[in-house]
Amino acid sequence: MSADLLKDLEARGLVHRIAEPSHAGWPGLAERLAQGPITAYIGFDPTAASLHVGSLLQILNLVRLQRAGHRPIALVGGGTGLIGDPSFKASERSMLSKDQLAANLAGIRAQLERFLDFSGSNAALMLDNASWLGEFRLLDFLRDVGKHFSVNQMVSRDAVKLRLEGRDHGISYTEFSYALLQAWDFVHLHDAHGCELQMGGSDQWGNIVDGVDLIRRLRQKPAWGLTAPLVTKSDGSKFGKSETGNVWLDAALTRPFAFYQFWLNTDDADVVRYLHSFTFLELARIAELAAAVEREPARREAQRVLAAEVTTLVHGESATASARRASAVLFEGADLRTLSAGELQDAFADAPRSSLAREALGTPQAQLVAVVAAAGLEPSKGRARQAVEQGSIAVNGHAEKAVDRVLGSADVLPGGFVVLRRGKKTYHVVAVA
RNA sequence: GGGGAGGUAGCGAAGCGGUCAAACGCAACAGACUGUAAAUCUGUCGCCCCUCGGGCUUCGAAGGUUCGAAUCCUUCCCUCCCCA
């Protein structure tokens, strides 16, 4: 089963480049994998308290690795995070405070833990490079590691080109050293855990090759690198952003409903690729879905499956179920009045809410225009009025154009709330108490 | 140091004494169409208010001229370009 890993990754379009040890007699990666389980690692930068959908690809690759019988190491960069990876970054990173870094590390570790299996014969490992980089003495580092790096070569890297060319950018000595640290990580993992393969995104190619080279120079041993292509969108915009910003894996930062919606809104042109990259679905199943996209794009079956699969991986079955329910109500015209109080509660769990006193119903205080403004759906009563006139405000799913409309007890749904909507996607729940 | 251009609403860009809350383009928001898409068409778009009506605060900053200034004058701040 071990040999299947590379084939599977290739079939899914997850192989960008492979770094083979450049030494006669040493096996290629495919050959090495065929010989038996390998230990491989992927590093995660603690630049934020949560990982985002871009990192999800890397996480899933660790899982694919483990499922194929190999041993994954998730490395969090508590040490390198103090420095900042300059690869393909336009400008110098602002340094994280140590407190911030500690918080980020804790958040990321918790997320990674959910995906990997830390038991069994190929139990995953989670390590923090602060534990070995922190102890490295400067002079030793310069002699043992630095000596093996050619500045001439480092300067020619695409990853830092941006920073070397523009006068207005520049790169500090600190960030320039980053590649050496990451290379040393690989050496350390090789020594301490028999790690022979480093994986990562295509932006990590240079750093990974540095590690492979360093292991060869210092240990005269083979090591391999494997990068995945950058996830792109067919319309050229950046992957991993929604209207509201980054799509995070942390449910508190990106609600499961929003997460589900992010995937559901995938372009037809991208959905098949994403199914390959972000799910564990069989290739045959994905081929079926690809055919469905051709045949009946409007049904968006592939998008539905993608959204459900990924949401389940990240947030679990029940979060997916409620995201689906909410989506059905919100976008597929399910009549709000047919839902039970519990279902309503579920469907709008993520919607912002405010409250209105029951006694206020029927009074000027319950004027639609006033309530819309108070709810923050529009910034002022004047704006709210315009919105109502334009027909963009709906009460319980029905467009309401009357500016003098006042909410009354007949508008209160089971469970005691009124659902307001602006446009197609912005909801607000007014709880009547 | 010398010479030149300029700072207008989220951005770009007109306006150069009254009819300017300020053309136009983009972005944004909404409506129609649709697949919760793209494209297209339409509306809104300084802020606030109970209307097609009204109020308030804007055109780098501060003063001034004038019945009246984004538009004229003075000083200051900032940006860009060219030459040294």
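Reply:

**The surface near the RNA**

Of the 24 residues around RNA strand B, those that come nearest are Phe331, Ser380, Gly382, Ser392 and Gly423. Here a residue is near a molecule or strand if its C-beta atom, placed from the backbone, lies within 6 Å of it. This is a predicted model, in which local features need pLDDT of at least 70 and side-chain atom pairs count only at pLDDT 80 or more, while totals for chains, interfaces and linings use all residues. Residues are numbered from 1 along each chain as its sequence is written, and chains are lettered from A and ligands numbered from 1 in the order in which they are written.

By class, this surface near RNA strand B holds 11 polar, 8 charged and 5 nonpolar residues. Ala, Val, Leu, Ile, Met, Phe, Trp, Tyr, Cys and Pro count as nonpolar, Asp, Glu, Lys and Arg as charged, and the others, Gly among them, as polar.

At least two residues of the surface come from each of helix H12 (256-264), helix H16 (317-331) and helix H19 (381-390). H19 gives the most, with 5 residues. Helices (H or I, at least four residues) and strands (E, at least two) are DSSP runs, numbered from the N terminus; chain A has 19 helices and 13 strands.

The axes of H12 and H16 are 9 Å apart, at an angle of about 70°. Axes are lines fitted to C-alpha atoms, for helices over the stretch in contact, and angles run from 0 to 180 degrees between N-to-C directions. H12 is therefore roughly perpendicular to H16, since angles under 35 degrees count as roughly parallel, over 145 as roughly antiparallel, 65 to 115 as roughly perpendicular and the rest as oblique. On the side of H12 the contact is made by Pro256, Phe257, Tyr260, Gln261 and Leu264, and on the side of H16 by Ala319, Thr320, Ala323, Ala326 and Ser327. Two residues are in contact if their C-beta atoms, placed from the backbone, lie within 7 Å. The residues of this contact of H12 with H16 divide into 7 nonpolar, 3 polar and no charged.

Finally, the setting of this part may be given. Chain A has 433 residues, and its C-alpha trace spans about 80 × 50 × 40 Å along its principal axes. Ala103 is found in helix H4 (residues 98-115).

Methods:
A residue is buried if 20 or more other C-beta atoms lie within 10 Å of its own, exposed if 12 or fewer, and partly exposed in between; C-beta atoms are placed from the backbone.
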